[in-house]
Amino acid sequence: MTTHAQADTGPELHAGRDGDLALPPEEARRATNEHYELPPEVFRAFLDERVKYSSALYRTPDATLEEAQTAKLHFVAERLALRGGECLLDIGCGWGSLTLFMAQEYGCEVTGVTPSAPQAEYIREQALRLKVADRVDIRVGSYSDLEIDGRYDAATMLGSVIHMPDRVAVLRKVYASLRRQGRLYLSESCFRSVEVYREFAARPGTRHVTETIFGFADMVPFSHLVEATESAGFSLDRLDDLTAHYHRTIEEWERRAEANRDRIESVAPGMAEPLVRYLRTANAGWGYTSKHYALTAAKSRLGPKTVG
């Protein structure tokens with residue numbers, strides 16, 4: 001069977017799963033939403049106070065999860081060279097931690113994109129509470145299908161491209177959404193090589209995370225994301241290895257999930273056990289089968305820096 005993703009990106013991108021991960025974008029979105037549309041109380045039970053569902057950045061050994069997540073958001077702003085007042089596109093904005101932070105702390109005009117209506121409603125409520133509703137626009141739907149103009153100074157994709165089958169098409173659209181010299185920050189959990197991807201992508205532990213928990217997630221090697229970013233026209237600027245930070249982040253998520261099993265079960269019966277199993281599986285692979293990288297890129301033929 002020839003699938004949509006195979007037709008656009010080539011069968012080699014799915015070689016580790018013999019093509020069985022390739023899904024049309026709409027089917028992938030629907031499957032993924034089953035996890036992200038769980039009640040926000042589930043995520044509040046094990047994430048930080050901002051409900052940020054991606055790696056923190058531990059700048060000091062004794063930092064709390066809340067402090068490390070705040071440090072990570074400032075780190076993203078540094079990579080994007082935000083000075084205040086920029087137009088920012090947050091693709092796959094989750095529960096809005098980055099969207100709201102950049103609007104509140106940097107005065108950015110932020111467009112957040114989520115396929116989840118409950119997430120959108122939650123973010124709009126928080127934007128009103130934080131008095132930044134005039135700087136926050138939440139769009140509901142698949143980023144691939146939305147009409148997005150090219151007025152943005154920067155774009156972020158924190159853990160979202162893993163849920164999008166057609167990576168090259170998505171990144172080309174991001175490129176078109178940016179002004180000249182606009183910057184992209186993309187972070188993702190990946191298999192550490194093509195060989196490891198082919199060996200481990202179809203194993204039960206991987207399927208538990210990518211299919212049972214997330215509905216659809218294709219955790220490709222980072223080299224595939226670099227290739228897709230280059231194919232979209234971007235110039236690569238920085239690469240950061242955040243693996244150790246994500247390992248510690250998930251350690252804290254697991255501790256909180258264990259401590260709040262009853263709270264999770266009260267709003268999502270049957271969810272506590274698979275959630276804890278997912279966190280343990282994810283943390284067991286860091287450095288052996290998986291890594292967590294972030295890249296920064298620019299819409300510029302000569303890159304983000306000039307000579308002389």
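The following legends describe close-up views of a predicted model of one protein.

**Figure 1. Overview of the predicted protein model.** The protein has 308 residues, and buried residues make up 57% of them. Its secondary structure comprises 13 helices and 7 strands. Of the contacts with a separation of 6 or more, 76% are accounted for by residues 24 or more positions apart.

**Figure 2. Confidence of the prediction and the segment of residues 1–16.** The mean pLDDT of the protein is 89, and 90% of the residues reach a value of 70 or more. Over residues 1–16, pLDDT stays under 50. For this segment the model has 35 contacts beyond four places in sequence.

**Figure 3. Packing of helix α4 against helix α5.** Helix α4 spans residues 65–79 and helix α5 spans residues 97–105. The two helices pack at an angle of about 70°, and their axes are 11 Å apart. Helices α4 and α5 are therefore roughly perpendicular to each other. The crossing in which α4 passes α5 is right-handed. On the α4 side, the contact is made by Thr70, Leu73, His74, Val76 and Ala77. On the α5 side, their partners are drawn from Ser97, Leu98, Phe101 and Met102.

**Figure 4. Packing of helix α7 against helix α10.** Helix α7 (residues 167–177) packs on helix α10 (residues 222–231) at an angle of about 45°, with the axes 8 Å apart. This angle makes α7 oblique to α10. Helix α7 passes α10 in a right-handed crossing. The residues of α7 that take part are Arg167, Val168, Leu171 and Arg172. In α10, they meet Leu225, Ala228, Thr229 and Ser231.

**Figure 5. Packing of helix α11 against helix α13.** Helix α13 covers residues 272–285, and it packs with α11 at an angle of about 160°. The axes of these two helices lie 10 Å apart. The angle makes α11 roughly antiparallel to α13. The crossing of α11 past α13 is left-handed. Helix α11 contributes Tyr246, His247, Ile250, Glu251, Trp253, Glu254, Ala257 and Glu258 to the contact. Helix α13 contributes Leu275, Val276, Leu279, Arg280, Ala282 and Asn283.

Figure 6. The side chains of arginine 256 and glutamate 252 meet in a salt bridge, with an N to O distance of 2.7 Å. Both residues belong to helix α11 (residues 243–259), where they are 4 residues apart and thus separated by about one helical turn. Arginine 256 has a relative accessible area of 15% and is buried. Glutamate 252 also counts as buried, at 16% relative accessibility. A network formed by salt bridges that share partners joins Glu254, Glu258, Arg261, Glu273 and Arg280.

**Figure 7. The surroundings of glutamate 258.** Glutamate 258 is located in helix α11. Its relative accessible area is 30%, and glutamate 258 is accordingly partly exposed. When residues up to four places away in sequence are not counted, glutamate 258 touches Val276 and Arg280. Glutamate 258 and alanine 45 are 213 residues apart in sequence, while their C-alpha atoms are 9.5 Å apart in space.

**Figure 8. The salt bridge between arginine 151 and aspartate 149.** Arginine 151 and aspartate 149 form a salt bridge in which the closest N and O atoms are 3.3 Å apart. Arginine 151 is partly exposed, with a relative accessible area of 26%. Aspartate 149 is partly exposed as well, with a value of 40%.

**Figure 9. The salt bridge between arginine 203 and glutamate 199.** The closest N and O atoms of arginine 203 and glutamate 199 are 3.3 Å apart in this salt bridge. At 38% relative accessibility, arginine 203 is classed as partly exposed. Glutamate 199, with a relative accessible area of 45%, is likewise partly exposed.

Note on methods:
Residues are numbered from 1 along each chain as its sequence is written. This is a predicted model: local features need pLDDT of at least 70, side-chain atom pairs count only at pLDDT 80 or more; totals for chains, interfaces and linings use all residues. Side-chain values use heavy atoms; hydrogens and water are left out. A salt bridge is a side-chain nitrogen of Lys or Arg within 4 Å of a carboxyl oxygen of Asp or Glu. Buried means under 20% relative accessible area, exposed over 50%, partly exposed in between (1.4 Å probe, protein chains only). pLDDT is the predictor's confidence in each residue, from 0 to 100. Contact means heavy atoms within 4.5 Å. Axes are lines fitted to C-alpha atoms, for helices over the stretch in contact, and angles run from 0 to 180 degrees between N-to-C directions. Angles under 35 degrees count as roughly parallel, over 145 as roughly antiparallel, 65 to 115 as roughly perpendicular and the rest as oblique. A crossing is left-handed if the near helix is turned anticlockwise from the far one by less than a right angle, and right-handed if clockwise.
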